[in-house]
Amino acid sequence: MSYEKSCGAVVYRKHHGNTEILLIKHVRSGCWSFPKGHMEQGEDEVQTAVREIKEETNIDVSIDDASFREVVVFNPRRDITKEVVYFLARAVSFECERQEEEISDVRWVEIGQTSAFLSYDNDRILINKAKAFLAMTKI
């Protein structure tokens, strides 16, 4: 059994009084999800998440409070276990520029509409946790 670890974030911004979430659509699978990617040697989880978001979307983010840390574990194939660590990240730039090799679309979606876009139940659970955290902390 092989093990992989990735890190990413639920990226949000305030826009015209609404909270919007950054979603990406993968070229290979056609699935909508959150930006994430594999850890590189010498990186911690937060550094990986920030780097991957920048690489995939060209968005700069700030992870001010790592107390929102959710872990999703799944098996993309029978011989692989994958762990993905997600944080909540505030966008500090907003102009998306997708990484064309991996990402077919990038868009900001109003937080209440994100579940309709997301392809996986794990991501729907994650966005619900992020919504609750944002409401509780009044970010």
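The legends below accompany an overview and several close-up views of a predicted model.

**Figure 1. Overview of the chain, with its three helices and eight strands.** The elements follow one another from the N terminus in the order β-β-β-β-α-β-β-β-β-α-α. The radius of gyration is 14 Å, close to the 14 Å that the globule rule gives for 139 residues, so the chain is as compact as a globular protein of that length. The C-alpha trace spans about 45 × 30 × 30 Å along its principal axes. Of the 139 residues, 44% count as buried. The accessible surface comes to about 7,600 Å², and carbon and sulfur atoms account for 46% of this surface. Among contacts between residues at least 6 apart in sequence, 67% join residues at least 24 apart.

**Figure 2. Strand 2 and the strands paired with it.** Strand 2 covers residues 18-26; seven of its nine residues are buried, so strand 2 is largely enclosed by the rest of the structure. Strand 1 (residues 2-15) runs antiparallel to strand 2 and is joined to it by four bridges. Within this pairing, I21 in strand 2 stands opposite Y12. Strand 8 (residues 103-110) is also antiparallel to strand 2, with seven bridges between them. One of the paired positions here is K25, whose bridge partner in strand 8 is D105. Strand 3 (residues 32-33) is joined to strand 2 by two bridges, again in the antiparallel sense. I24 stands opposite S33 of strand 3.

**Figure 3. The two hairpins that involve strand 2.** Strand 1 and strand 2 form a hairpin with two residues between the strands, and in this hairpin H16 takes a positive phi near 50°. The hairpin of strand 2 and strand 3 has five residues between its strands. In the turn of this second hairpin, G30 has a positive phi of about 75°.

Figure 4. Strand 7 runs over residues 80-91. Of its 12 residues, 10 are buried, so strand 7 is largely enclosed by the rest of the structure. Strand 1 pairs with strand 7 in the parallel sense over 11 bridges, and the bridge partner of V11 in strand 7 is A89. Strand 5 (residues 61-62) pairs with strand 7 in the antiparallel sense over two bridges, with V61 opposite A91. Strand 6 (residues 69-77) is antiparallel to strand 7 and is joined to it by seven bridges. Strand 6 and strand 7 form a hairpin with two residues between them.

Figure 5. Is K82 buried or exposed? Its relative accessible area is 13%, under the 20% limit, and K82 therefore counts as buried. Leaving aside neighbours within four places in sequence, K82 is in contact with E4, S6, H38, V72, V73, F74 and P76.

Figure 6. Helix 1 comprises residues 45-57. At 1.5 Å a residue, its 13 residues should span 18 Å; the C-alpha atoms at its ends are 18 Å apart, which agrees. The N-terminal end is capped by D44, a side-chain oxygen of which lies 3.1 Å from the backbone nitrogen of V46. Buried residues of the helix are E45, T48, A49, R51, E52, I53, E56 and T57. N58 follows helix 1 and has a positive phi, near 65°.

**Figure 7. E101 in the loop between strand 7 and strand 8.** The relative accessible area of E101 is 62%, which is over the 50% limit, so E101 counts as exposed. H26 belongs to strand 2, which covers residues 18-26.

Note on methods. Residues are numbered from 1 along each chain as its sequence is written. This is a predicted model: local features need pLDDT of at least 70, side-chain atom pairs count only at pLDDT 80 or more; totals for chains, interfaces and linings use all residues. Side-chain values use heavy atoms; hydrogens and water are left out. Buried means under 20% relative accessible area, exposed over 50%, partly exposed in between (1.4 Å probe, protein chains only). Contact means heavy atoms within 4.5 Å. Two strands pair if DSSP finds at least two bridges between them. The expected span of a helix is 1.5 Å times one less than its number of residues. A polar contact is a pair of N or O atoms within 3.5 Å; within protein, one must be able to donate a hydrogen and the other to accept it, and residues adjacent in sequence count only if both atoms are side-chain atoms. The radius of gyration is taken over C-alpha atoms; the globule rule is 2.2 Å times the number of residues to the power 0.38. Accessible areas come from the Shrake-Rupley method with a 1.4 Å probe; for residues, only the protein chains shown count as cover.
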